[in-house]
Amino acid sequence: MFRYLVRRILWAMFLFIVITFVTFVIFYIGPNDPARAVCGGEQARRDCLVTATEKLGLDKPMPVQYYRFLKKLVVHQDLGTSFATSQSVNARIKEAAPVTASLVFGGAVLWMIIGLSVGIFSALKPRSLIDRMAMVFVLIGVSAHPVWIGLIFEYVFGVKLGWTPIAGYANFFGAATDTGQPGGPWQWFYHLILPWITFAILFAALYVRMIRANVMETLNEDFVRTARAKGAPERQVLLSHVLRNALLPVVTMLGMDIGIALGGAIFTESVYNLPGLGQTAIIGISNQDLAIVQGVIVFATLAIIVFNLIVDLLYAWIDPRIRLT
Amino acid sequence: MALLEVKDLHTSFRTEDGVVKAVEGVSFTVEKGQTLGIVGESGCGKSVTCLTIMGLNPKRNTVSSGEALWKGRDLLTMKPNELRQIRGGEISMIFQDPMTSLNPVHTIGRQLVEAILLHRDVTKRVARARALELLKAVGIPKAEARVDDYPHQFSGGMRQRVMIAMALINDPDLLIADEPTTALDVTTQAQILSLMKRLQEDFGSAIIMITHDLGVVAEIADDVLVMYAANVVEQAEVHDLFGRPQHPYSWGLMGSLPRLETDVERLTQIPGQPPSLLRPPNGCRFHPRCPYVMEVCKTTAPELAPTQGDPDHLQRCHLDQETKEREAAKLLAVTMAEAG
């Protein structure tokens, strides 16, 4: 177990270096000049460019810049400052991460509720009316783009019916901010209803199908027949024997999907103007702001690594056949 | 009253290709403490017969008719709740593949305890003690240490012992064993069989032993049912069946047993394939593979009828009695030559 953890952490470090390095390289291959972005684009003054280049360390060779970035990150846990706004990247990520986390975890709860209930029901009554309706939902969910779904929802529920806000975010903690952003748990919930649904639809569709398939497969297992032969009532067969086995792979999927989504649910955040990591990354890219982009990537990488580790540990705990060595 | 009396049992499955008649007109009785062997090739309906009695066929596409009287009550028309109380309590079942028949995520102990608690109103502690007792009875070494192990920590033979322990844990009156030794290697097979025999003496259960192995039948059964393509083709006491087999299919099965003394290059086999139950052959179902086939066999299906001079020995064949006796005697002579 201990050796397993050490090996996993070493792997994670290696992965981390590769990902950040590749981000650096890609940024340098592209025709970017962050200094120009700092000095106001095409009309930038020459002396401003020189100062900015020096200040940002852009005159140094790329490996040196990468080394500086890594050293700062490892020694001071500092992601640097934004090229465009001089704001601390750490602070920016700290602001954006809770927004994305709210969206992703709330969305995950929603898609699991839908996936489990519809998936299990479909598996128990295949080819029933509900199963067929679920199939239609899955097709729509997989085919429809979140941006399109988001725009439709905004128009129908926000503009036409006026049931929900059209866009924007409210902090869970604290009162309304002076910029006019509302606050508090209720406002937080109220502002996230549409984003949650929009974000969850694709995953709900995939999970309905996956859970349905897993449950149907497990229902045919020999040990389920054994349980029935023992005289177990159907409810006990389903809960204790079928679901426990059918949901093992779902745990893996869920952990990985949450890890990936924490890197930024770009489409949903854009449509609903949520100041999360996805939106932060998009703004960073269009501003040629390497520090911000790198910051989001570091966070996303960590999220994926951590969630994969959690999944593996959890899996070893719920499936006795797996031993971590 | 017989313990279990099955009358004219039919089971068919609706599939995408059509209706598969898996069991047609099977009747038999099992008395207290007796062992019935059901023999036949894969897909002949022997397992389905027992799954139908237990109500374990998929409900969605199965149609059954006939009667299966358990102590006088019909299992086929019983309410699911009542049937569930009999299942695992009075009648229990062991399956073919011990590798997949236990739930991989629960400990052996938990699965045994579950079986007890479903049928008896006892505390968990009592149930656990009973589980341990049974694990010892079926010969699991260090049962105290192993009761909390998971199925994947057991070998195939040990898992089948666990399955037997689980089947016997509520002192059933009838134990249905569906090819319990097929998935095991030969030495383990022998151990499991002698274990079942010993436990039958200790617990007094009746057994229905489903197998394709005539050796197993000779070892353990009192009565035998030979099935071919959803039909019973021969039904007799075990000594009668081996002493004067009446059906060409039974001869084929016995002829294909390996012999120690006779030095043959290849084992004899029954030519051809078992027929599809979707479109079974006309007339006698065995006629395309039968070396004694006559014109009448191709058009008219023989009835399951008593043998001359032995009303308890049933067989389904058009051949005249003289030929049957001659062939049976020939087969017996070969066997006797080896023994003597």
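Helices and strands here are runs assigned by DSSP, with a helix needing at least four residues and a strand at least two. Keep that in mind as we walk through this model, which is predicted.

Let's start with chain A. By that count, chain A has 14 helices and zero strands. If you read along the sequence, the pattern is simply α-α-α-α-α-α-α-α-α-α-α-α-α-α. Picture a box drawn along the principal axes: the C-alpha atoms of chain A fill roughly 85 × 60 × 35 Å. Chain A has 325 residues, and 35% of them count as buried.

How many helices and strands does chain B have? The tally is 12 helices and 12 strands. The radius of gyration of chain B is 21 Å, close to the 20 Å that the globule rule gives for 340 residues, so chain B is as compact as a globular protein of that length. Its C-alpha atoms fill a box of roughly 65 × 50 × 40 Å along the principal axes. Of the 340 residues in chain B, 42% are buried. Residues 24 or more positions apart make up 65% of the chain B contacts with a separation of 6 or more.

So what do the strands build? Strands of a sheet pair through backbone hydrogen bonds, and they can do this parallel or antiparallel. In chain B, eight strands form an open sheet with mixed pairing, in the order S6-S7-S8-S3-S9-S10-S12-S11. Which strands of chain B are at the edges? They are S6 (91-94) and S11 (305-307), each of which pairs on one side only. Going from one strand to the next, the twist averages 25 degrees.

Zoom in on one pair in this sheet. Strand S9 (residues 223-228) and strand S10 (residues 231-237) of chain B run antiparallel and are joined by six bridges. To find one of the partners, look at B:Asp223: its bridge partner in S10(B) is B:Glu237. A helix packs on the sheet too: H6 (residues 156-168) of chain B touches S6 and strand S7 (174-178). The direction of H6(B) makes about 175 degrees with that of S6(B).

The largest core has 89 residues, and the ones touching the most other members are B:Leu112, B:Ala165 and B:Ile208. H6(B) gives this core its largest share, eight residues. Which residues does B:Ile208 contact, leaving aside neighbours within four places in sequence? They are B:Val30, B:Leu36, B:Ile38, B:Cys50, B:Leu174, B:Ile176 and B:Ala177. There is also a second, separate core of 60 residues, which includes A:Leu79, A:Ile120, A:Ala291 and A:Ala300.

Finally, see where the two chains meet. Here 23 residues of chain B are in contact with 17 residues of chain A. On the chain B side, helix H2 (80-86), S6 and helix H3 (108-119) each supply at least two residues. The largest share of that side, four residues, comes from H3(B). Sorted by class, the side of chain B that touches chain A has 10 nonpolar, nine polar and four charged residues.

Note on methods:
Residues are numbered from 1 along each chain as its sequence is written. Chains are lettered from A and ligands numbered from 1 in the order in which they are written. This is a predicted model: local features need pLDDT of at least 70, side-chain atom pairs count only at pLDDT 80 or more; totals for chains, interfaces and linings use all residues. Two strands pair if DSSP finds at least two bridges between them. Axes are lines fitted to C-alpha atoms, for helices over the stretch in contact, and angles run from 0 to 180 degrees between N-to-C directions. Two residues are in contact if their C-beta atoms, placed from the backbone, lie within 7 Å. Ala, Val, Leu, Ile, Met, Phe, Trp, Tyr, Cys and Pro count as nonpolar, Asp, Glu, Lys and Arg as charged, and the others, Gly among them, as polar. A residue is buried if 20 or more other C-beta atoms lie within 10 Å of its own, exposed if 12 or fewer, and partly exposed in between; C-beta atoms are placed from the backbone. A nonpolar core is a set of buried Ala, Val, Leu, Ile, Met, Phe, Trp, Tyr and Cys residues joined through C-beta atoms within 7 Å. The radius of gyration is taken over C-alpha atoms; the globule rule is 2.2 Å times the number of residues to the power 0.38.
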